[in-house]
Amino acid sequence: MKRLFFALWPDESVREQCTGLINKLDSSSMKFVTAGNLHVTVCFLGSVNSDCELALMAAASDIVMQPVSLTFDQLSFWKAPKVLCLTSSQSDSGASSLADEISALARSLGIRLDERPYLPHVTLARGVKDKVEIGFDPIVWVSHSFCLVQSCSTESGVEYRVLKCWPAPTSVG
């Protein structure tokens, strides 16, 4: 069984902007997400067996993704999970549509999902005790693909490994 999720993966510019923001934070009061693990979850699947993983990969190939553009302009503290994350004051219908389509696909394969409404976010830190106030320029995250990612436990902590990506169709002019 593998712990899997679908995600939007950042390009290097977005990764650097997120890392720059992380570097402004007080490291004594929280544990930062490593640069290689930064992502926007589209659909968390949980533990999935190999047959279901193969079915997910095959079915995901039929999803026609439209490019997604998210502007992360808020730093949010979520008290119960004790996380600090980037959120957006504006919604993106492309992200919500993709999340809905992937969730429907997962449910059709018998995967039980969280029923909370989809909220795109980028987790920056865990173990956060209080709200953090810091100014930053909005981070525009444009994705032209979505990925299936595995969460792997390692000696140095959790590492996210991209298993496969599906690009949005490109228009040829």
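A: Glutamate 133 and lysine 131 are both exposed, where exposed stands for a relative accessible area over 50%, buried for one under 20% and partly exposed for what lies in between, judged with a 1.4 Å probe and with protein chains only. The two residues form a salt bridge in which the closest N and O atoms are 3.5 Å apart; the term covers a side-chain nitrogen of Lys or Arg within 4 Å of a carboxyl oxygen of Asp or Glu. The structure is a predicted model, in which local features need pLDDT of at least 70, side-chain atom pairs count only at pLDDT 80 or more, and totals for chains, interfaces and linings use all residues. Residues are numbered from 1 along each chain as its sequence is written, and side-chain values use heavy atoms, with hydrogens and water left out.

Side chains of opposite charge can pair when their charged atoms come close. The structure holds five salt bridges, and one of them joins the side chains of lysine 2 and glutamate 53 at 3.3 Å, N to O. Lysine 2 belongs to strand S1 (residues 2-8) and glutamate 53 to helix H2 (residues 50-60), so this pair ties together parts that are 51 residues apart in sequence. Here helices (H or I, at least four residues) and strands (E, at least two) are DSSP runs, numbered from the N terminus.

Strands S9 (residues 145-154) and S10 (residues 157-167) run antiparallel and are joined by ten bridges; two strands are said to pair if DSSP finds at least two bridges between them. S9 and S10 form a hairpin, with two residues between them, and valine 149 stands opposite valine 162 in S10.

A disulfide is a covalent bond between the sulfur atoms of two cysteines. With the rule that a disulfide is a pair of cysteine sulfur atoms within 2.5 Å, the count comes to one disulfide. Cysteine 147 and cysteine 165 form it, with their sulfur atoms 2.4 Å apart, and the link is right-handed, with 85° about the S-S bond. This pair connects distant parts of the chain, cysteine 147 lying in strand S9 and cysteine 165 in strand S10, 18 residues apart. Cysteine 147 is buried at a relative accessible area of 1%, while cysteine 165 is partly exposed at 36%.

Cysteine 18 is buried, with a relative accessible area of 0%. Cysteine 43 is likewise in no disulfide, the nearest cysteine sulfur, that of cysteine 52, being 11 Å away; cysteine 43 is buried as well, at 4%.

Valine 14 is buried, with a relative accessible area of 3%. When residues up to four places away in sequence are not counted, valine 14 touches Ile139, Val140 and Trp141, a contact being heavy atoms within 4.5 Å.

For the chain as a whole, there are three helices and ten strands, and from the N terminus on the elements run β-α-β-β-α-β-β-β-α-β-β-β-β. The radius of gyration is 16 Å, close to the 16 Å that the globule rule gives for 173 residues, so the chain is as compact as a globular protein of that length; this radius is taken over C-alpha atoms, and the rule is 2.2 Å times the number of residues to the power 0.38. Buried residues make up 43% of the 173 residues in the chain. Among contacts with a separation of 6 or more, 75% are between residues 24 or more positions apart.
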